[in-house]
Amino acid sequence: MIVLLGIVVFLYAFASVKNNVRNVTKPNISFLGENNLFITHETVSKLLIQNQDSIKNVPKETLDLNVLELALNSNPMIKSAEVYVAVNGTLNAEIKQKRPVARVNTNASYYIDDEGGFMPLSSNYTARVPLVTGYVEKNNLKHVFRVAQKVEADNFLKQHVVEIHQSVNGAIALRLRQCNFIVNLGSLKLLDKKINNLKAFYKKSLKEKTLDKYSKVNLQFDNQVVCTKT
């Protein structure tokens with residue numbers, strides 16, 4: 001019995017040593033969630049190589065997976081990354097990209113991601129999201145982000161809103177697809193109520209075929225939609 005136990009321990013230790021000295025093969029990179037890639041497989045592979053000299057044919061025990069994960073997570077396109085080595089020596093990197101909800105187009109151009117943070121533009125793919133114009137600071141995106149969230153979550157807004165404009169005083173205005181008028185929301189106070197008023201106005205005007213008769217639609221007043229004709 002003791003001899004058998006000794007053999008089992010020896011075989012386990014031998015297998016562990018053999019597994020540790022197994023060389024790592026070319027990385028297997030997979031993207032979770034979105035099919036549209038803002039960052040390419042090639043870019044991820046380069047990030048892995050740059051931060052571990054050469055990861056191919058490197059013994060597993062010399063590979064610092066934490067360093068590789070930190071390198072990937074520091075990329076502004078990546079929301080999260082998990083790096084691990086399979087038993088057969090394959091290096092796996094699972095990438096979750098950031099997801100844009102709006103695109104700032106002022107003196108600087110970048111996306112706002114779904115957590116309200118900065119995300120650079122991609123040369124690989126352009127997201128179809130509302131433009132953000134006017135007075136926008138990269139370190140203070142909370143107001144335009146809140147509106148962008150509303151737009152993404154609401155089918156009507158997502159279909160029609162093409163631009164979110166923020167003035168110097170923080171007032172918000174919207175531009176709608178194929179409409180010439182500006183929608184003045186003002187502050188974000190009672191935002192849901194203002195959006196419901198906009199929907200009611202749009203539905204009524206569409207039915208009456210008067211959408212092209214207005215230059216401004218003001219929703220800043222409680223329970224009122226004040227329109228300015230062209």
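**View 1. Packing of the buried residues of helix H3 in a predicted model.** The buried residues of H3 are in contact with helix H2 (41–50), strand E2 (78–85) and strand E3 (91–97). H3 spans residues 65–73, and Leu68, Ala71 and Leu72 are buried in this helix. These residues lie on the same side of H3 because they cover an arc of only 95° around the axis. Asn66 and Leu70 are exposed and sit on the face of H3 turned away from the buried side.

**View 2. The N-terminal end of H3 is capped by aspartate 64.** A side-chain oxygen of aspartate 64 lies 3.1 Å from the backbone nitrogen of asparagine 66.

**View 3. Phenylalanine 38 and tyrosine 125 form one of six aromatic pairs.** The ring centres are 5.3 Å apart and the planes stand at 75°; planes over 60 degrees apart count as edge-to-face, so this pair is edge-to-face. Phenylalanine 38 is in the loop between strand E1 (28–32) and H2, and tyrosine 125 is in the loop between strand E6 (118–119) and strand E7 (131–134), 87 residues apart. Phenylalanine 38 is buried, with a relative accessible area of 8%, whereas tyrosine 125 is partly exposed, at 27%.

**View 4. Phenylalanine 181 and phenylalanine 201 form an edge-to-face pair.** Their ring centres lie 5.8 Å apart, with the planes at 80°. Phenylalanine 181 is in the loop between strand E9 (172–176) and strand E10 (182–186), and phenylalanine 201 is in helix H6 (residues 191–208), so the pair ties together parts 20 residues apart in sequence. Both phenylalanine 181 and phenylalanine 201 are buried.

**View 5. Lysine 138 sits over tyrosine 110.** The charged end of lysine 138 is 5.2 Å from the centre of the tyrosine 110 ring.

Key
Residues numbered from 1 in each chain as written. Predicted model: local features only at pLDDT ≥ 70, side-chain atom pairs only at ≥ 80, totals over all residues. Heavy atoms only, no water. Buried < 20%, exposed > 50% of the residue type's maximum accessible area, 1.4 Å probe, protein only. Helix = DSSP H or I, 4+ residues; strand = E, 2+ residues; numbered from the N terminus. Arc of directions from axis to C-beta. Contact = heavy atoms within 4.5 Å. Polar contact = N/O pair within 3.5 Å; in protein donor to acceptor, adjacent residues only side chain to side chain. Phe/Tyr/Trp six-rings, centres within 6.5 Å; stacked < 30°, edge-to-face > 60°. Lys NZ or Arg CZ within 6 Å of the ring centre and 35° of its normal.
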